[in-house]
Amino acid sequence: MKNNMIGVNTMINHFGEERFEHGGAVVPPIYQNTLFTFENWDHIDKAFSDPINNNIYTRGNNPSVTIAEKKLAKLAGGERAKLFSSGMAAISAAIMYCVKSGDHIITLKNLYGPSLNFINEYLKNKWNVGVTLINGEDVEEIEKAIRPNTTLIYLESPSSAVFTIQDLSKISEIARANGIKTIVDNSWATPLFQKTLLMGIDMEVHSCSKYIGGHSDVVAGVVIGKKDHIESIALNEYLLFGGKLAPFEGWLLTRSLRTLSMRMDRHQSNGMMVAKFLESHPKVKTVRYPGLESHPQHKLAKSQMKGFTGLMSFELHTEDLDKIKGFVNVLNYFKIGVSWGGHESLIYAPAISYLREMTSEAFKETGLSLGVIRISVGLEDSKDLIDDLANALSKI
């Protein structure tokens, strides 16, 4: 699916920079300072009356970070965004905003591992928060899971490792009718390819270390949504837990957003070619990539997303660990690494971390196996990537 994002890129390229407040600088300066001084008592007193919109101390606001926040909010169709020091800092803050002790959360079995641990272990054990784990593909399953104390439905579409899709519009309607907040981890699709907020979702979260950062040089996270939600998080979960983003990292995200649309077009085209190659290979059992027509929810994916990215998984026709290791170790362009969304291609076996974070029984419930391999298709030449995979598959 080819997607022309030139208009979107132009929309955010200069947005929020207020260049002539910075001497006309075509690249915004980095405000590498901890605090801001004031002309007199009345000026600082006025700033403290509205700390959300004033620069007082960089743990709260910093112009280098604010520029990136404004761009991200605009891109996602949200009213406001708040950047954090990591994706998990953003995710945990957004979740804590929605729940208190004794509440109930509905979320996915196939969730990003640390997010699942935070909800299903940390909150359950420390805050007495009830949790119901679902597959997420059936809207009726979500309706049946709702309890009187349900305050949050936390989603990830596509979901980690297995790349299932949730019907975000229908789920958001059900949530609103029951007074339940909704959060979606939209890191896979980015705000370019999926507008969750326009589908009625309350907040979306991103690991900005992935496609938004795109260069494997920033660890950051963001929460985007309505003004009242984000401002409450900024005053409470953000300030009290101290998960602030450094000015330089905010500046790097602004740099990355300038090329986001071009990078995503390349990730998408490379990803589709690699997915089709893998789908046709006799040593590959199945490919999990929403962009393929063979994906069970391809129609829903196309209705919710304007494009597809370069992250996918596939299952080898073997569970022989020595053969799987041999396949991974012989690759040249696909480096072994845990993250994704950068310029480089990466490969990872979810079983490595999942089996450390959950029991073998819980691992089986995710629908994964030892033979499931996740790849992040980068910006290299697609022929080189396909040749690399073909060579490795020939060794099995």
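# Reading a predicted fold, feature by feature

Q: Which state do Glu69 and Lys82 have, buried or exposed?
A: Glu69 and Lys82 are both buried. Buried means under 20% relative accessible area, exposed means over 50%, and partly exposed lies in between (1.4 Å probe, protein chains only). Before going on, note that this is a predicted model, in which local features need pLDDT of at least 70 and side-chain atom pairs count only at pLDDT 80 or more, while totals for chains, interfaces and linings use all residues. Residues are numbered from 1 along each chain as its sequence is written, and side-chain values use heavy atoms, with hydrogens and water left out.

Q: What do the side chains of Glu69 and Lys82 meet in?
A: Here is the general idea: side chains of opposite charge can pair when their charged atoms come close. A salt bridge is counted when a side-chain nitrogen of Lys or Arg is within 4 Å of a carboxyl oxygen of Asp or Glu. Glu69 and Lys82 form such a salt bridge, at 3.6 Å from N to O. This pair links distant parts of the chain, with Glu69 in helix H3 (residues 63–76) and Lys82 in strand S1 (residues 80–84), 13 residues apart. Helices (H or I, at least four residues) and strands (E, at least two) are DSSP runs, numbered from the N terminus.

Q: How many salt bridges does the structure hold?
A: There are 9 salt bridges in the structure. One of them joins Lys100 to Asp103, with the closest N and O atoms 3.3 Å apart.

Q: Where in the chain do Glu231 and Lys227 lie relative to each other?
A: They are 4 residues apart in helix H9 (residues 227–241), so about one helical turn separates Glu231 from Lys227. The two form a salt bridge, with 3.2 Å between the closest N and O atoms. Glu231 is buried at 17% relative accessible area, and Lys227 is partly exposed at 44%.

Q: In what order do the 7 strands of the open sheet come?
A: The order is S1-S7-S6-S5-S4-S2-S3, and the pairing is mixed. Two strands pair if DSSP finds at least two bridges between them. S1 and strand S3 (130–134) are the edge strands, each pairing on one side only. S1 runs antiparallel to S7, joined by 5 bridges, and Ala81 stands opposite Ile224 of S7. Since 4 of its 5 residues are buried, S1 is largely enclosed by the rest of the structure. Strand S6 (residues 203–207) and strand S7 (residues 221–225) also pair in the antiparallel sense over 5 bridges, and Val205 has Val223 as its bridge partner in S7.

Q: Which strands does helix H5 touch?
A: Contact means heavy atoms within 4.5 Å. Helix H5 (residues 113–127) packs on the sheet and touches S2, S3 and S4. For directions, axes are lines fitted to C-alpha atoms, for helices over the stretch in contact, and angles run from 0 to 180 degrees between N-to-C directions. The direction of H5 makes about 150° with that of S3. Helix H4 (residues 87–98) runs at about 160° to S6.

Q: Which residues of helix H7 are buried?
A: In H7 (residues 168–177) they are Leu168, Ile171, Ser172, Ile174 and Ala175. These residues lie on the same side of H7, because they cover an arc of only 160° around the axis. The arc is that of the directions from the helix axis to the C-beta atoms. Among the elements covering them are helix H6 (139–145) and helix H12 (298–304). Just after H7, Gly179 has a positive phi of about 65°.

Q: Which residues have the most contacts inside the largest nonpolar core?
A: A nonpolar core is a set of buried Ala, Val, Leu, Ile, Met, Phe, Trp, Tyr and Cys residues joined through side-chain atoms within 4.5 Å. In the largest core, of 61 residues, Leu278, Phe327, Ile373 and Ile375 have the most contacts. Helix H11 (residues 260–279) gives the largest share of this core, 7 residues. A second, separate core has 43 residues, including Phe84 and Ile180.
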